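Please open the model in your viewer and keep the selection tool at hand. The tour goes from one selection to the next and says what is to be found at each stop.

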Amino acid sequence: MLAGWREGTARRPWRISAKLLIISSVVTVIGFSAICVNVMLDMRRGEEALARQTLENLATTIEADISRNIEIYDLSLKAVASNMLLPEIGTVSKSIRQLILFDHATTAKHFGAIQVFDADGKLTIDASTLDPVPENRADEEYFRVHRDNPNAGLFISRPMLFRGAYAIVLSRRVNDQDGGFMGVVAGSIRFSYFHELFERLSLDPQDTITVLKRDRTIMMRRPFDLDVIGKNLADRQNWKADNLKEGGSFAGQGPVDTTPRLYVRSGSTTPPLFVVAGKPLNAVFELWQKEALRIGGVVLVLALFVLGSTAVLAREIGRRAKAENKLEEMATTDALTGLRNRRKFDSVIDVEWRRAMRQKTPVALLMIDADHFKAYNDTFGHQAGDQVLVGIAICISDSVRRAGDCPARYGGEEFAVLLPDTSEAAAFKIAETIRCKVQGWSDDQASTTVSCGIASLVPAAGMDWSILVTAADKALYAAKAGGRNQSVVANIPKLSLVA
């Protein structure tokens, strides 16, 4: 028990130091890792912001091009609708009428010829020919919209097959002088325009460009897919309009396919069509992921190096602490009995004396001496004498159990037991326990007994602990003079007066 107490006391400073060393290393590693993670997250946010800005610029540029062409084409539709009210339109020849109506009309390879339909939906005028083939568009959505709504303005139809090619139809209402419905003027923008526009852009294969109406109908999409064209996102239950507002962005799975992307919507609210540009998230963060792996690997290696160095240093400190503890134990322990030696006893009693003086508590001391030891040693030899001393030490250690008590080999066959905060009566009881145990043990070995001197006092200012030792020593001599194998309590006042 005493050896364990000594070992625990000796190791406690090392354990605290080891914990501080390990904790400081772990905190350092965590701190650097946190800084590294924060830097990498900032880099990730930077990559996302750059990609968002690029996609926003792309969407805005495409929207501006589409809006400009729609505006130009709409001017032609307005001009035709306005010229239809001229009085001479009904009296001039077809060729002259063509010049009047379509002289300033915009023409391009992607723009379909402008047509005029009467109030019944019959084709009456076609910019591409003087004698148009009869056809009726009364059932078309754009015709019904203008017929039923005088304020429809420019109407853009859903993508449809128009005159043999996929296109979107642009139309306006033709009113008479009184505002009555005269018919519809319509033209088309073929899908070839969008294909050519997208081909001019430098896009990755997985990048998407989606052109939508204000009601969220998909007018065109890159990559091209007829199964998607014309669908309305309002019909998608897993997609909400709030996910992507004007000028906003959204990262995740979109409404068309399952590939996670960063989507950015153009910010303009006036054009009839808007554009959404998308880029796969793995492409957005590809460079960041490579850099994050590189930095993370370096930090991991450094962290392992720091922790490994800490472990090695802790182990070396442990070895050194064990060596120091061993040296201290050798310097303060009696080699034969395992008790503390005289040097350690003097150090402990000095500390306990000062503590008792501060706290006004008693200090007791037992001085124990083996009876007739010299004669026994001369008769049975030194080895037998050493066994007796070891036996007495075991009896003392077995009887003194408090962590603060200090049993020691005082010199030769004499032992001392320091008992802090112990009264005279309690010290006497411990002394008798030791004496009886030695006597009981010696009955099985050889006839060995001990005499005990007991002293207990409360230190006062100006007193030295040598007073306590002197008193216990005189009590020991009294026990021996009284016949040995007994315990005697010192009379401190009388001993002090005699001294």
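What covers the buried residues of H8? Strand E12 (363-370) and helix H9 (382-399) are included in that cover, where buried means under 20% relative accessible area, exposed over 50% and partly exposed in between, with a 1.4 Å probe and protein chains only. Before selecting them, note that this is a predicted model, in which local features need pLDDT of at least 70 and side-chain atom pairs count only at pLDDT 80 or more, while totals for chains, interfaces and linings use all residues. Residues are numbered from 1 along each chain as its sequence is written, and side-chain values use heavy atoms, with hydrogens and water left out. Helices (H or I, at least four residues) and strands (E, at least two) are DSSP runs, numbered from the N terminus.

**Helix H8**

Select residues 373-380, which form helix H8, and colour its buried residues Phe373, Tyr376 and Asn377. They cover an arc of only 100° around the axis, taken from the directions from the helix axis to the C-beta atoms, and this puts them on the same side of H8. On the face turned away from that buried side, look for the exposed residues Lys374, Asp378 and Thr379. After H8 comes glycine 381, with a positive phi near 100°.

**From H8 to H9**

Axes are lines fitted to C-alpha atoms, for helices over the stretch in contact, and angles run from 0 to 180 degrees between N-to-C directions. In the contact (heavy atoms within 4.5 Å), Phe373, Tyr376, Asn377 and Phe380 of H8 meet His382, Ala384, Gly385, Val388 and Leu389 of H9. The residues of this contact divide into 6 nonpolar, 3 polar and no charged; Ala, Val, Leu, Ile, Met, Phe, Trp, Tyr, Cys and Pro count as nonpolar, Asp, Glu, Lys and Arg as charged, and the others, Gly among them, as polar.

**The open sheet**

Next, show the open sheet of 5 strands, whose order is E13-E14-E12-E15-E16 with mixed pairing; two strands pair if DSSP finds at least two bridges between them. Its edge strands, E13 (406-411) and E16 (487-489), each pair on one side only, and the twist averages 20° from one strand to the next. Between E12 and strand E14 (residues 414-420), which run antiparallel, there are 7 bridges, and aspartate 369 stands opposite glutamate 414 in E14. H9 packs on this sheet, touching E12, E13, E14 and strand E15 (450-457), and its direction makes about 10° with that of E14.

**Strand E11**

Move to strand E11 (residues 273-280), where 8 of its 8 residues are buried. Leu273, Val275, Ala277 and Lys279 point one way, and Phe274, Val276, Gly278 and Pro280 the other way. Strand E7 (residues 208-213) pairs with E11 in the antiparallel sense over 6 bridges, with threonine 208 opposite glycine 278. Strand E10 (residues 260-265) also pairs with E11 in the antiparallel sense, over 5 bridges, and there arginine 265 stands opposite valine 276.

**Serine 188**

Finally, select serine 188 in strand E6 (residues 181-190), which counts as buried at 4% relative accessibility. Not counting residues up to four places away in sequence, serine 188 touches Tyr73, His110, Phe111, Gly112, Phe162, Ala167, Ile168 and Val169.
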